[in-house]
Amino acid sequence: MREFYNISEIAKLYDLCPDTLRYYEEKGLLHPVRGENRYRMYGIQDICTLNIIRSLRHLGMPVEHIGAYLTRRSVDSTLALIEEEGSILARRMDQLKTLRREAEERRARLLTYLAKPTGVAGVVDFPRRPYVALREDIILEGEIDFLLKKLEKEHQDFIQIIGSQTMGAALDKKSLAAGVYNHYASVFFLTQPGQPENGALPGGRYAHLYYRGPYSGFRENLLRLEEFVAGEGLRPAEAPVELYHIDAHDTDREEEFLTEIQLRVE
């Protein structure tokens with residue numbers, strides 16, 4: 001029976017890169033001996049230690065925490081560690097349940113919006129809808145995805161671009177008055193009750209319309225919605241907003257995109 005194994009053999013055995021083994025050594029978790037030509041050589045105790053490290057890393061335990069355990073191992077400390085593992089697994093199960101619920105909500109959302117009729121204007125009453133928003137003087141159409149990602153990062157505790165939240169953008173009123181249809185004043189995620197907010201879409205009556213296809217169809221569909229509003233004897237109360245119900249996060253086919261234009265009216 002061999003007493004020692006080289007770094008390549010151990011790395012292959014554990015599906016690790018040699019740099020990971022060197023990192024564990026640097027952190028004091030492994031203590032290989034030096035063989036001929038100063039090569040690292042790993043013994044049976046290192047293999048046992050790597051089994052422990054691998055198990056605890058799978059749980060997401062920090063390297064520093066693992067190192068502290070390895071320096072004072074006993075049956076009592078192992079029992080305490082198992083108790084901690086149980087808490088970690090319970091939290092992970094809760095996280096997985098949340099992810100499953102969000103996946104089910106996203107699936108339901110996509111099925112709902114796949115069935116939406118398009119090109120038909122209507123009026124609907126909405127309550128106040130809180131959001132987290134990022135505002136700029138002028139946001140160009142090509143900047144929207146970048147700014148939504150920036151906003152998600154700022155609120156990553158409760159916002160996910162690929163999730164069940166509705167995201168959108170508010171058109172810039174001055175640009176619209178000048179006939180420019182691809183300038184925006186803000187991007188936003190609608191939030192759930194109890195979540196942080198820094199503004200809201202006001203409650204009230206909204207004219208709205210869904211359209212499929214690329215965002216270049218916005219101008220045509222906004223004009224159609226404005227014509228409907230005038231025909232109903234209403235007038236816009238503020239600049240319209242776009243809500244992105246099916247977008248590039250869901251499909252590569254622009255013809256499948258579903259955007260909703262909402263315009264608060266009086």
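Modeller: Start with phenylalanine 188. Its relative accessible area is 1%, so phenylalanine 188 is buried (buried: under 20% relative accessible area, exposed: over 50%, partly exposed: in between, with a 1.4 Å probe and protein chains only). Keep in mind that this is a predicted model, where local features need pLDDT of at least 70, side-chain atom pairs count only at pLDDT 80 or more, and totals for chains, interfaces and linings use all residues. Residues are numbered from 1 along each chain as its sequence is written, and side-chain values use heavy atoms, without hydrogens and water.

Now the rings. The structure has 6 aromatic pairs (rings of Phe, Tyr and Trp, the last by its six-membered ring, with centres within 6.5 Å; stacked under 30 degrees, edge-to-face over 60, the rest tilted). One of the pairs joins tyrosine 113 and tyrosine 210: the ring centres are 6.3 Å apart and the planes stand at 50°, so this pair is tilted. What does the pair tie together? Tyrosine 113 belongs to helix α5 and tyrosine 210 to strand β9 (residues 204–212), so parts 97 residues apart in sequence are tied together (helices, H or I, have at least four residues and strands, E, at least two; both are DSSP runs numbered from the N terminus). Tyrosine 113 is buried, at 15% relative accessible area. Tyrosine 210 is buried too, at 9%.

Back to phenylalanine 188. Its partner is tyrosine 131, and the two rings are stacked, with 5.3 Å from centre to centre and 25° between the planes. This pair also links distant parts of the chain. Tyrosine 131 sits in strand β5 (residues 129–140), phenylalanine 188 in strand β7 (residues 183–190), and 57 residues separate them. Tyrosine 131 counts as buried because its relative accessibility is 10%.

Charges meet rings as well. Arginine 129 lies over the face of phenylalanine 126, 3.9 Å from the ring centre (the rule: NZ of Lys or CZ of Arg within 6 Å of the ring centre and within 35 degrees of the ring normal). The charged end of arginine 129 also sits over the ring of tyrosine 206, at 4.9 Å from its centre.

Next comes a cluster. Tyr215, Tyr244 and Phe257 form one aromatic cluster. Tyr244 leads us on to a cavity, since Tyr244 is among the residues that line the largest cavity (a cavity is a set of points on a 1 Å grid where a 1.4 Å probe fits but cannot get out; lining residues have an atom within 4 Å of a point). Other lining residues include Arg106, Arg109, Gln165, Met167, His245 and Asp250. Which elements give two or more residues to this lining? They are α5 (75–114) and β10 (241–246). The lining divides into 4 nonpolar, 4 polar and 4 charged residues (Ala, Val, Leu, Ile, Met, Phe, Trp, Tyr, Cys and Pro are nonpolar, Asp, Glu, Lys and Arg charged, the others, with Gly, polar).

Is it buried or exposed? Glutamine 165 counts as buried, at 14% relative accessibility. Glutamine 165 and arginine 106 are 59 residues apart along the chain, yet 8.8 Å separates their C-alpha atoms. Both residues line the largest cavity.

Notes
1 Å grid on protein atoms, 1.4 Å probe; cavity = no way out; pocket = protein on both sides within 12 Å on 5 of 7 lines; lining within 4 Å.
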